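Please look over the model below before reading my points.

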Amino acid sequence: MTTQANRDAAAVLAKARLSGKPCQRISEQFGITNLDDAYAVQEINTQLALEQGRRLTGRKIGLTSLAVQQQLGVDSPDFGMLFADMQFTNDVTIDCKKLIQPKVEGEIAFVLKEDLLRVDTTSAELIQAIDYILPALEIVDSAIENWKITLVDTVADNASSGLYVLGNTPVSLAALDLSLEGMILEKNGEHASIGVGAACLGSPLQSCLWLVRKMAEYGRPLKKGDVVLTGALGPMVKVEAGDHIRLRLTRIGEVGCSFI
């Protein structure tokens, strides 16, 4: 249910994003304490974005990694919307002025070749629907000051979505056990985060299945051509102007970006 408090919270988050100036916790400002209201706030700003001409092209699952959950003090996944203007390609240079307080995560992205509309989608149906996979960097970015977020705050803030960078060489899922996929995230040539596919709810496939079912239940099902960011493989890393980031996965390839 959309309440005035939800609308006010959505407006504050939208203003923070537009101005580049973070806000205080909306959970405290507007008494938003449950996930239903938090997702209602997220949906208000999703609708606003669509009305402004932005195009919805995928979804993300967040907080799948125990390490990231521990960093943020939460204990369950969340989801957010991905828009076309959030997507960048390998080796892009990103202007930090477009962001508020960015951090980077190494992930695996799925691209779908079929619609997935059912709340009881099976793992076999999901595998059949995956066209290819790519290495991905998610640039997460909170509108909440100093990343002092609760689960409600990050959900309302579109799961702390910022931008994302995709590799440019598609890889088939066939014969790959993604739970065993290792990653090294380098910052300025040095190891900054290490992880493995099993960090994503046991496997990025399991993470994606959770998201597929949840999005069907939520009324925004995943469709052909959509990108799915399946969650961090290890701890997120703070970045700023001048940093160079490179994600190296065991069998899926590499992707990188720089910040100015």
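1. Phe110 stands opposite Ile133 in strand S6. Strands here are DSSP runs of E with at least two residues, helices are runs of H or I with at least four, and both are numbered from the N terminus. Two strands pair if DSSP finds at least two bridges between them.

2. This is a predicted model, in which local features need pLDDT of at least 70, side-chain atom pairs count only at pLDDT 80 or more, and totals for chains, interfaces and linings use all residues. Residues are numbered from 1 along each chain as its sequence is written, and side-chain values use heavy atoms, with hydrogens and water left out.

3. How many residues of S5 (residues 102-112) are buried? Eleven of its eleven residues are buried, meaning under 20% relative accessible area with a 1.4 Å probe and protein chains only. Both faces are covered: one side includes Val104, Ile108 and Phe110, and the other includes Lys103, Glu105 and Glu107.

4. The largest pocket has a volume of about 790 Å³. A pocket is an open set of points on a 1 Å grid over the protein atoms alone, where a 1.4 Å probe fits and protein lies on both sides within 12 Å along at least five of seven lines; lining residues have an atom within 4 Å of a point. A volume is the space filled by probe spheres set on the points, which are joined across faces, edges and corners.

5. Of the 28 residues lining the largest pocket, Ala14, Arg17, Leu18, Arg54 and Ser161 lie nearest its centre. Helices H1 (4-19) and H3 (35-51) are the elements that each give two or more residues to this lining. By class, the lining has twelve nonpolar, nine polar and seven charged residues. Nonpolar covers Ala, Val, Leu, Ile, Met, Phe, Trp, Tyr, Cys and Pro; charged covers Asp, Glu, Lys and Arg; the others, Gly among them, are polar.

6. The second largest pocket holds about 160 Å³ of space. Its lining includes Leu35, Tyr39, Phe79 and Trp210. Helix H7 (204-218) and H3 each give two or more residues, and H7 gives the most, with four. This lining has six nonpolar, no polar and three charged residues.

Terms used. Buried means under 20% relative accessible area, exposed over 50%, partly exposed in between (1.4 Å probe, protein chains only).
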